[in-house]
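Please read the following points beside the sequence and the model, as they concern the overall fold and the charged side chains.

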Amino acid sequence: MITAQELCGKAKSNVKEVNTEDLQNAIEQGARVIDVREPAEYGQGHIREAVNMPRGVLEMQLNQHPDVAGYDNALDRIAEKPLYLICRTGGRSALAAESLQRMGFDNVYSVDGGMSAWEEKKLPVVAGE
């Protein structure tokens, strides 16, 4: 048996991670960001450009991302650009990135340190949207 922390550590070793500076630069270039936290967490504060798709339903809702919703080939379309996943500290986003890689996504990144690192750097956060 392994702990949740060990499981997240294994996932982190299997995915590409970026730091908050990398994410901020990617956002300036129009990157897609998905916040995989629960809606209540997202509502307390998130990155303006982030779409909320909780980790538990991410794979089922990905084709509903606002950039690709309504297209027959939604998953192919969303895979055309890098996809950045963020959570509170980086564990859930690493697990989600690992899952998306199993679905065939090559250009998916987990944000190391998550929203905790983002907020620690005093980067912009919005709440209640």
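1. A salt bridge is taken here as a side-chain nitrogen of Lys or Arg within 4 Å of a carboxyl oxygen of Asp or Glu, and by this rule the count comes to seven salt bridges. The model is a predicted one, in which local features need pLDDT of at least 70 and side-chain atom pairs count only at pLDDT 80 or more, while totals for chains, interfaces and linings use all residues. Residues are numbered from 1 along each chain as its sequence is written, and side-chain values use heavy atoms, with hydrogens and water left out.

2. Seven helices and five strands make up the secondary structure of the chain, where helices (H or I, at least four residues) and strands (E, at least two) are DSSP runs numbered from the N terminus. Their order along the sequence is α-β-α-β-α-β-α-α-β-α-β-α.

3. Asp 112 and Lys 12 form a salt bridge with their closest N and O atoms 3.3 Å apart. Because Asp 112 lies in the loop between β5 (108–111) and α7 (114–120) and Lys 12 in helix α1 (residues 4–14), this pair ties together parts that are 100 residues apart in sequence. Lys 12 and Asp 112 also belong, with Glu 17, to a network of salt bridges.

4. The salt bridge between Asp 35 and Arg 37 has an N to O distance of 2.8 Å.
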